[in-house]
Amino acid sequence: MTESGTSSARALAHGVTRMIGRDPSEPHRAATPLELLFDLTFVVAFGVAAEQLAHLLAEGHLASGLLGFGFAMFAVCWAWINFSWFASAYDTDDWPFRVATMVQMVGVLIFTLGLPDVFASIDQGREVNNTVTVAGYVVMRVAMGFQWLRAATQNPGRRSACLTYLTTILVAQAGWVLLLFMDTSIPVWFLLSVPLILIELAGPWIAETRKGGTPWHAHHLAERYGLLAIIALGEGVIGTVASLAAVVEHQGWTLDAVLVGVAGTGLTFGMWWVYFLIPSAGILAVHRERVFGWGYGHILIFAAIAATGAGLHVAASYIEDQAHISGVATVLSVAVPVGGFVLMVYALHTWLVREADPFHLSLLAGTAAVLVAAVWLAAAGVPMAWCLLVVTLAPAVTVVGYEAVGHRHLAAILNRSLSRD
């Protein structure tokens with residue numbers, strides 16, 4: 001084999017590579033096939049969390065459903081954020097990195113298997129049964145700790161930041177394990193969880209702002225968040241199929257079936273369109289310090305997307321006459337997360353550009369009017385299919401507004417933001 005052939009063969013291998021950090025301005029940086037494979041485990045996690053929420057909402061158990069869903073979505077999203085920020089800075093794609101990622105995927109699946117126990121224990125009012133979910137996190141944290149320790153060892157210039165990540169991960173995990181052995185009520189358990197959550201959130205902030213930071217890539221990270229948003233939107237597609245199947249089973253292929261299919265698909269598509277209307281990567285590349293509000297705020301966006309899918313599942317139960325809630329409550333289970341999603345998209349945009357756009361207020365008012373109209377129609381006894389169709393118009397307010405007028409506002413605001421120091 002020639003020397004050039006030997007070099008090409010080595011380039012195709014996945015031998016151990018020093019973890020010295022990626023170039024944060026590397027051109028054409030994109031998500032890798034391994035990252036996409038990793039994300040597939042979160043399809044299952046989002047699906048189980050949404051399914052459990054839908055079940056409790058349909059039973060009228062609002063408080064327990066929201067508590068369980070809040071716990072699940074924070075844990076699921078935080079596990080993804082831990083990996084994605086690390087991979088953006090230190091992805092070597094060698095075999096140790098790949099194996100560690102596979103271990104984390106196993107941890108995500110174990111965690112997901114424990115979610116029904118968490119929801120059930122909260123709903124039944126006993127102490128939180130999170131043994132399996134914590135076990136899943138232990139598996140994920142062992143792999144993640146190995147990754148950060150490897151980076152700290154092989155990238156001396158950023159050792160302090162890497163060790164900060166490692167320390168906060170281990171401290172928080174020790175706290176979650178300790179909670180397993182404490183016999184506490186649900187309110188006390190959630191109260192004790194607050195400092196652990198704060199430790200989780202503080203770790204990246206301290207590492208990036210006080211300890212030298214890591215070489216994460218703004219465009220790569222923005223793409224990764226966008227891909228997870230699409231993963232979460234898949235739950236809306238599943239919810240649409242469930243609602244459509246319920247109508248067809250009870251009524252056959254009627255006008256209502258067509259309306260439900262159009263409503264669910266249109267709602268999912270509209271939310272996708274709204275999310276990708278406003279670019280983030282360029283601002284993050286210039287103002288890297290703004291990544292925390294943007295990155296952490298996405299937890300609420302992902303939760304709102306998954307909750308919308310859950311709401312569509314609730315609508316399916318209502319159509320099948322299996323829900324124990326009213327039509328108004330059913331429509332609210334879809335309308336509230338849709339409204340929260342749109343609000344959070346505008347909030348994160350404002351956080352990034354540090355400038356409020358009055359035009360957003362008119363779009364938010366229009367969105368709220370559409371959602372209120374859908375609830376009013378449900379209260380008036382209008383069939384669920386028509387109410388869902390009206391909810392579908394909510395993201396359309398933003399889409400039409402931005403495509404007609406808002407794009408000029410956005411261009412001017414982005415130019416001003418990128419020109420500021």
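Me: Before we start, what does contact mean here?

Reply: Contact means heavy atoms within 4.5 Å. Keep in mind that this is a predicted model. With that cut-off, Glu-320 touches Ala-246, Glu-249 and His-250, leaving out residues up to four places away in sequence.

Me: Thanks! Where does Glu-320 lie?

Reply: Glu-320 sits in the loop between helix 11 and helix 12 (327-353). Its C-alpha atom is separated by 9.6 Å from that of Ala-245, and the two residues are 75 residues apart along the chain.

Me: Why is Ala-229 called buried?

Reply: Buried means under 20% relative accessible area. Ala-229 has a relative accessible area of 0%, so it is buried. You can find Ala-229 in helix 8 (residues 218-251). Setting aside residues up to four places away in sequence, Ala-229 touches Tyr-275, Phe-302 and Ile-305. From Ala-229 to Ile-301 there are 72 residues in sequence and 8.1 Å in space, C-alpha to C-alpha.

Me: And what makes Glu-200 count as buried?

Reply: The cut-off is again under 20%. Glu-200 is at 5% relative accessibility, and therefore counts as buried. Its place is in helix 7 (residues 186-209). Beyond residues up to four places away in sequence, Glu-200 touches Phe-74, Trp-78, Arg-141, Ala-172 and Trp-176.

Me: How do you know that Glu-200 makes a polar contact with Trp-78?

Reply: A polar contact needs a pair of N or O atoms within 3.5 Å, one able to donate a hydrogen and the other to accept it. The side chains of Glu-200 and Trp-78 make such a contact at 2.7 Å, so the pair meets the distance cut-off.

Me: Why is Val-99 called partly exposed rather than buried or exposed?

Reply: Buried is under 20% and exposed is over 50%, with partly exposed in between. Val-99 has a relative accessible area of 40%, so it is partly exposed. This valine is found in helix 4 (residues 95-123). Together with Val-16, Trp-95, Met-102, Val-103 and Val-106, Val-99 forms a nonpolar patch on the surface, with about 540 Å² of accessible area together.

Me: Which residues touch the most other members in the largest nonpolar core?

Reply: Phe-46 and Phe-341 do, out of 126 residues in that core. Helix 11 (residues 291-319) gives the most to this core, with 18 residues. Another core, of ten residues, lies apart from it, and includes Phe-71, Val-118, Ile-122 and Leu-179.

Me: What is Phe-341 in contact with?

Reply: Leaving aside neighbours within four places in sequence, Phe-341 is in contact with Met-271, Val-274, Tyr-275, Ile-301, Ala-304 and Ile-305.

Methods. Residues are numbered from 1 along each chain as its sequence is written. This is a predicted model: local features need pLDDT of at least 70, side-chain atom pairs count only at pLDDT 80 or more; totals for chains, interfaces and linings use all residues. Side-chain values use heavy atoms; hydrogens and water are left out. Helices (H or I, at least four residues) and strands (E, at least two) are DSSP runs, numbered from the N terminus. Buried means under 20% relative accessible area, exposed over 50%, partly exposed in between (1.4 Å probe, protein chains only). A nonpolar core is a set of buried Ala, Val, Leu, Ile, Met, Phe, Trp, Tyr and Cys residues joined through side-chain atoms within 4.5 Å. Patches are made of residues with over 30% relative accessible area and no salt bridge: like charges are joined within 9 Å, nonpolar side chains (Val, Leu, Ile, Met, Phe, Trp, Tyr) within 5 Å. Accessible areas come from the Shrake-Rupley method with a 1.4 Å probe; for residues, only the protein chains shown count as cover. A salt bridge is a side-chain nitrogen of Lys or Arg within 4 Å of a carboxyl oxygen of Asp or Glu.
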